Amino acid sequence: MTPSAHGLPSGQAGPAPRRGTDPADPLDLIGIGFGPSNLALAIAAEELDPGADRLFLERNTGVHWHPGMLLEGARMQISYLKDLVSLRNLASPYTFLSYLKAKGRLEKFVNIGVTRPTRLEYQDYLSWVAGHFADVVRYRSEVVSVTPVTGPGSTALDLLHVRVRDTATGTPYSLYARNVVHAGGGTPRRGTPDRICDTPSVIHSSRFLPAFPHRFPDHDAALDLGVVGDGQSAAEIAAHMLTHYPNAKVHLFVPGYALRATDNNPFVNEQFYRQNADAFYADDPHRRALLRTELRNTNYGAVEAGYLDTLYDITYADEVRGEPRLVVHRGCDVTRITEDGPRLNVLVRDRTGGPDRTAICDGVVLATGYTRELDPAVFAGLDPLLRRDDFGALLVSADCRVHADESLTAGFYVQGYAEGAYGIGDTLLSLLPFRSQRIIDDLRARRPEDRPSAGPYPPDHYVEKDLERVRAVMERFNFATVISADRDARVLVTHVPLVVERDRGGEHGTLIGHLDRSNPQVELLRDRPVTVVFHGPNSYLSPDVLKTDKLPTWNSMSVHVHGRARLFSGRDELLRVFNGLCEQAEPGPGSYRLRPDDERIDQLLSHVVGFEVDIHELTGRFKLSQDLDEDNRALAAADMARDLGEERRTFVADVFDLAPRPARPDDGPGSCGCPLGGPPAGTDAALAREAGQTVR
């Protein structure tokens with residue numbers, strides 16, 4: 001299944017938690033929310049701590065990043081290089097440039113000559129990234145509560161109990177984790193219902209696109225529309241109204257004299273450098289407060305200068321036509337909005353001391369921003385243990401971990417809830433790659449020392465040290481899987497028979513084979529690294545076979561080869577491949593071989609290409625009940641050998657759709673009553689001979 005537009009495989013709600021449902025087996029990390037902050041964290045976790053067990057919970061059906069403000073043509077206010085990972089790891093497969101390459105738009109994006117993508121394209125980028133993490137996120141999962149608990153055998157509050165509700169079914173369930181990272185985003189700021197009436201005609205900017213056109217479907221109506229706010233969202237919404245509602249008058253209520261431009265000159269933007277953000281955190285609280293005030297207009301209550309020009313051009317064109325439609329209410333606070341029949345009374349207080357006044361509107365959009373506070377209902381059990389300063393702000397470490405009472409050893413981290421400590425960049429995109437690394441590094445440093453180590457893989461006792469046995473599997477089961485990855489991390493796989501040439505190449509020899517020239521993997525074998533897997537016998541091992549109480553398992557033999565491939569197309573080299581395959585399949589004297597003068601070889605040359613792999617590393621993974629005693633290992637071996645006999649013969653007959661036939665008197669005791677019957681079961685040589693007699 002492919003990811004949908006929201007990064008979720010169509011028809012799925014996400015994976016069932018594999019771990020974490022029992023306090024004895026907690027997750028390392030639960031992330032609340034799956035917007036940009038925790039998306040960046042998911043990338044950092046995969047790249048910096050891949051062994052950690054993690055799960056992200058998102059109450060929406062997918063990744064929704066400011067869906068109410070995905071206005072056509074609206075651009076980001078940052079460079080595409082300030083994506084989720086580039087500033088930390090340019091080689092990551094999750095960069096914005098990797099996204100463009102995967103979407104087939106890289107050259108076109110370069111050609112349009114912009115550094116700031118549209119907001120719609122950035123949303124698509126986030127969804128594309130989320131699609132790669134479908135195995136570690138559950139959508140439609142609303143966190144009901146986060147409560148500290150004591151884990152088994154512990155005396156401290158070392159776990160966080162996260163109660164979740166599946167919003168699709170209403171089903172509640174519980175998870176346990178050593179750490180929780182909360183990145184749930186902000187709550188729309190709209191005022192209390194006694195001040196701002198709760199009516200469909202009063203819409204917060206977070207729901208502008210889905211709600212406003214639905215409430216006002218007649219774009220030609222003569223409407224009075226209000227916008228409260230003086231930031232980027234207010235300007236964009238005002239421009240949208242003027243453009244899409246040509247007969248409407250737009251009232252813009254701003255607290256200052258006029259809309260102001262953001263201060264985004266390169267000197268000021270240095271505040272978003274990693275080292276400067278770290279220096280801000282290290283400063284004393286008084287200096288931090290002064291700096292926040294001075295830098296406020298880089299993000300709050302200001303509009304990108306170019307967009308101010310766009311909005312002014314619209315209003316000037318109206319003036320030329322003699323129909324001014326934008327009314328700017330300067331220096332005012334909207335103190336109350338009430339319903340008056342089908343219309344709204346907007347009570348305005350003059351901040352300069354003038355008289356209060358009332359504006360009549362048909363609809364009002366509140367571009368009033370968001371509050372960033374922990375939900376008291378969700379965190380009621382945790383909040384009393386969290387430490388705050390004299391103003392009630394969370395006290396946090398440089399790694400985003402909230403300081404807590406000594407009894408709480410579980411980690412609680414926040415992203416976007418501590419602007420006083422981290423500066424204005426706390427709620428913005430610029431610092432996400434660095435912040436994610438800080439969190440992951442802290443999680444790793446705090447991991448319990450007594451946590452069982454994953455250890456080497458495959459386990460040492462499953463690694464076959466006898467190279468002769470390893471090579472024997474490669475030669476006997478030479479129909480291998482050739483695996484390559486292109487520069488977009490797209491994996492290509494081909495199943496093909498290979499010849500093992502022990503006396504060529506380095507210590508481990510060389511593999512040779514051939515592919516159809518039209519196979520797209522051919523170009524990935526041109527002096528490129530490659531992985532080859534040889535699949536030996538495998539078999540289910542039932543406890544009923546053994547004289548022990550072991551659980552069921554699966555025994556198997558496989559060999560992983562890592563090396564470097566090169567292509568060739570010479571006639572003599574290809575003939576060596578063809579005859580090498582014949583020799584491995586039919587090693588006996590008098591078996592079929594291609595003659596050098598066979599004209600059919602020349603017919604093949606335009607259709608196939610040869611390749612060889614110089615073997616750099618061999619790993620034989622032989623999982624053969626090494627944990628059992630010799631008697632039980634003998635039983636396991638006999639069971640595997642039995643599995644490779646008649647069952648395989650019957651399977652092949654079924655696949656070939658060969659109908660059973662009555663046994664003949666001369667078939668002998670080994671007959672299975674089908675075209676593959678006759679030779680004794682138990683050896684692949686017998687199967688090969690009979691298949692040859694039947695199919696050729």
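Ile337 is found in strand E13 (residues 332–340); helices (H or I, at least four residues) and strands (E, at least two) are DSSP runs, numbered from the N terminus. The model is a predicted one, in which local features need pLDDT of at least 70, side-chain atom pairs count only at pLDDT 80 or more, and totals for chains, interfaces and linings use all residues. Residues are numbered from 1 along each chain as its sequence is written, and side-chain values use heavy atoms, with hydrogens and water left out.

**Confidence**
- The protein chain has a mean pLDDT of 87, and 89% of its residues reach 70 or more; pLDDT is the predictor's confidence in each residue, from 0 to 100.
- Over residues 1–13 pLDDT stays under 50, and the model has 34 contacts beyond four places in sequence for them; contact means heavy atoms within 4.5 Å.
- Over residues 668–696 pLDDT also stays under 50, and for this stretch the model has 52 contacts beyond four places in sequence.

**Around Ile337**
- Ile337 counts as buried, at 1% relative accessibility; buried means under 20% relative accessible area, exposed over 50%, and partly exposed in between (1.4 Å probe, protein chains only).
- Neighbours within four places in sequence aside, Ile337 is in contact with residues including Arg195, Ile196, Cys197, Val202, Leu344 and Val364.
- Ile337 and Val364 are 27 residues apart along the chain, and their C-alpha atoms are separated by 8.9 Å.

**Helix H1**
- Helix H1 covers residues 36–48, which is 13 residues.
- From its first C-alpha to its last, H1 reaches 18 Å, close to the 18 Å expected at 1.5 Å a residue; the expected span of a helix is 1.5 Å times one less than its number of residues.
- H1 is largely enclosed by the rest of the structure, because 10 of its 13 residues are buried.
- Among the buried residues of H1 are Pro36, Leu39, Leu41 and Ile43.
- The buried residues of H1 pack against strand E1 (29–32), strand E2 (54–57), helix H4 (119–131), strand E7 (179–182) and helix H11 (432–445).

**Nonpolar cores**
- In soluble globular proteins, nonpolar side chains tend to be buried together.
- A nonpolar core is a set of buried Ala, Val, Leu, Ile, Met, Phe, Trp, Tyr and Cys residues joined through side-chain atoms within 4.5 Å.
- The largest nonpolar core has 72 residues, of which Phe34, Leu57, Leu84, Tyr125, Val146 and Phe412 touch the most other members.
- H1 gives the most to this core, with 7 residues.
- Apart from this core lies another, of 30 residues, among them Ala248, Val254, Val303 and Ala367.

**Positive phi**
- Most residues other than glycine have a negative phi.
- Arg140 has a phi near 55 degrees, a positive value in a residue other than glycine.
- Arg140 is found in the loop between strand E3 (137–138) and strand E4 (141–149), and is partly exposed, with a relative accessible area of 22%.
- Cys400 is not a glycine, yet has a positive phi of about 75 degrees.
- Cys400 lies in the loop between strand E17 (370–371) and strand E18 (411–414), and counts as buried at 2% relative accessibility.

**Cysteines**
- A search of the whole structure finds 0 disulfides; a disulfide is a pair of cysteine sulfur atoms within 2.5 Å.
- Cys582 is buried, with a relative accessible area of 18%.
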